[in-house]
Amino acid sequence: VFITMKPDVSIVVPAFDEQDRLGASIERMLDHLGSNEKVTGTRAELIVVDDGSSDKTSEVASAAAEKFPAVPTKVVRYEVNRGKGFAVKTGLLAAGADIALFSDADLSTPIEEMEKLVAPIRAGEYDVTFGTRAIDRSLIGTHQPWRREQGGRVMNLIIKTMSGLKFHDTQCGFKAFNMLKFRPLLDVMTIDRFGFDVEFLFVAQYHGLRLAEIPVRWNDVAGSKVNVFRDTRRMFSELNQIRKNSRSGAYDLK
């Protein structure tokens with residue numbers, strides 16, 4: 001009889017057309033998670049969500065996972081691209097642990113930083129923790145091109161102004177959640193694409209969860225799918241949607 005142990009932490013990786021770099025990222029993650037379990041006893045699972053890729057993202061993910069059978073890995077795939085926010089929500093809903101962390105597939109924040117986010121939730125100090133590049137910029141190894149970095153600062157000012165969130169960096173793809181408190185909130189989330197990070201934090205704060213912005217190491221990795229002009233327009237639209245939802249009571253739990 002096999003007894004399946006509940007994981008202590010679920011790692012969610014959204015992926016769209018990532019066949020070229022996903023294999024190396026998953027191997028690095030699973031290697032760390034396996035080593036970390038031996039040292040700390042923390043059991044992890046990995047959930048890769050293929051967001052309707054047109055390439056071999058799912059196959060690459062499964063092949064990489066087979067090399068590390070000690071860490072349970074699920075590859076979830078659906079056929080139509082729905083957006084990174086939808087992929088993250090799908091992964092969080094599949095999470096078996098009471099703490100879940102999502103990480104970008106490019107590992108711009110190294111997986112080795114995960115304990116910075118998980119430990120405060122495990123200790124009961126916070127309910128949502130998220131990496132920031134803006135508080136301690138000495139932790140940035142490879143910077144974005146100057147124009148993109150300045151664009152990010154302008155965007156964050158817009159996010160602060162329109163959302164009322166006081167955080168320095170809502171867009172870093174490295175966030176962790178107390179799923180006992182956060183899972184019910186996924187039902188009221190409405191944004192599937194670029195602005196989902198802001199909605200996650202806004203709704204968590206709206207419901208009184210304790211949030212902490214934590215400096216993490218970060219490197220710009222070539223191949224970002226962010227398009228400054230397209231996504232700036234989209235962010236304005238989605239910030240307006242968040243404000244409208246808040247006013248209408250759409251974020252209240254039924």
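Guide: A residue is called buried under 20% relative accessible area, exposed over 50% and partly exposed in between, using a 1.4 Å probe and the protein chains only. In this structure F202 has a relative accessible area of 14%, so F202 is buried.

Visitor: What kind of model is this?

Guide: This is a predicted model, in which local features need pLDDT of at least 70 and side-chain atom pairs count only at pLDDT 80 or more, while totals for chains, interfaces and linings use all residues. Residues are numbered from 1 along each chain as its sequence is written, and side-chain values use heavy atoms, with hydrogens and water left out.

Visitor: How many aromatic pairs are found in the whole structure?

Guide: Rings of Phe, Tyr and Trp (its six-membered ring) pair if their centres lie within 6.5 Å; planes under 30 degrees apart are stacked, over 60 edge-to-face, and the rest tilted. The search finds ten such pairs here. One of them joins F202 and Y206, with ring centres 6.4 Å apart and planes at 20 degrees, so this pair is stacked.

Visitor: How are the rings of F202 and Y251 placed?

Guide: Their centres are 5.9 Å apart and the planes make 50 degrees, so the pair is tilted. This pair links distant parts of the chain: F202 lies in helix 7 and Y251 in the segment after helix 8 (228-248), 49 residues apart. Y251 has 0% relative accessibility and therefore counts as buried.

Visitor: Which residues form one aromatic cluster?

Guide: F102, F177, F182, F196 and F200 do.

Visitor: Which residue lies over the face of F86?

Guide: A charge sits over a ring if NZ of Lys or CZ of Arg is within 6 Å of the ring centre and within 35 degrees of the ring normal. R82 lies over the face of F86, 3.8 Å from the ring centre.

Visitor: What is phi of D17 and of L107?

Guide: Phi of D17 is near 50 degrees, a positive value in a residue other than glycine. D17 is in the loop between strand 1 (9-15) and helix 1 (22-40), and is partly exposed at 28% relative accessibility. L107, also not a glycine, has a positive phi near 55 degrees. The loop between strand 4 (99-103) and helix 4 (114-122) holds L107, which is buried at 7% relative accessibility.

Conventions:
Helices (H or I, at least four residues) and strands (E, at least two) are DSSP runs, numbered from the N terminus.
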